Amino acid sequence: MTAEVHVLCAGYAHERVASTVVAILDEGRAIVVDPGMVSDRSTILDPLAALGVDPADVGDVVFSHHHPDHTLNAALFERARFHDHWAIYERDTWTDRQADGFQVSGSVRLMATPGHSAQDVTTLVETSDGLVACTHLWWSEQGPVQDPRAEDQVALELSRSRLLELGPSLIVPDHGAPFGADAVPG
Ligand SMILES: [Zn+2]
Ligand SMILES: [Zn+2]
């Protein structure tokens, strides 16, 4: 079985900033990646409703990292477990675990990809069209090759190489529309 990836809204980072928000459907489980800053919550909720998913039915939310542009609207999903680089948070339960290799569902797993921040996590999804990577390793198809906000550019480039070695068919960057691995900036 494979999962489906739906980009609810493609992010941007110009004068204004919005996160790319993704819904993943995997064997009846709904997962949201990066419910962050958007112009209006309907930007997240309307396309989710079009998929037939009620926010209360979202079982998991993944934060690519801790910056508010990727976390601000987390409370839309009141019954989810929340995943970051080092723990799972559910109601008032904090469960420590490392993200790298963690299986969120049958076709969805996490990969530690530090660089932009030390806490960066990429969400890997096995789909019928190959491996899809939801990540902040690139902001968009336009780059930037040198991340001006990276805490560690060397680590970032190492994480990019490790991800590309997996042969993803599609990269969903955190501030832009999806692009193919053959179009990777740089
Ligand atoms: Zn960030
Ligand atoms: Zn960002």
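1. In the hairpin of S8 and S9, where two residues lie between the strands, arginine 91 takes a positive phi near 50 degrees. S8 pairs with strand S9 (residues 93-96) in the antiparallel sense over four bridges, and glutamate 90 stands opposite threonine 93 in S9. Strands here are DSSP runs of E of at least two residues, numbered from the N terminus, and two strands pair if DSSP finds at least two bridges between them.

2. This is a predicted model, in which local features need pLDDT of at least 70 and side-chain atom pairs count only at pLDDT 80 or more, while totals for chains, interfaces and linings use all residues. Residues are numbered from 1 along each chain as its sequence is written, with chains lettered from A and ligands numbered from 1 in the order in which they are written.

3. Strand S7 (residues 81-83) runs antiparallel to strand S8 (residues 87-90) and is joined to S8 by two bridges, with a hairpin of three residues connecting S7 to S8. Tyrosine 89 in S8 is the bridge partner of phenylalanine 82.

4. Six strands form an open sheet in the order S10-S11-S12-S13-S14-S15, with mixed pairing. Strand S10 (103-105) and strand S15 (179-180) are at the edges with a single partner strand each, so one side of each is left without a neighbour in the sheet. Within this order, strand S12 (residues 121-127) and strand S13 (residues 130-135) pair in the antiparallel sense over five bridges, and leucine 124 stands opposite alanine 133 in S13.

5. Isoleucine 24 touches Ala3, Glu4, Val5, Ile31, Val33, Val108 and Val125, not counting residues up to four places away in sequence; contact requires C-beta atoms, placed from the backbone, within 7 Å.

Technical notes. Contact = placed C-beta atoms within 7 Å.
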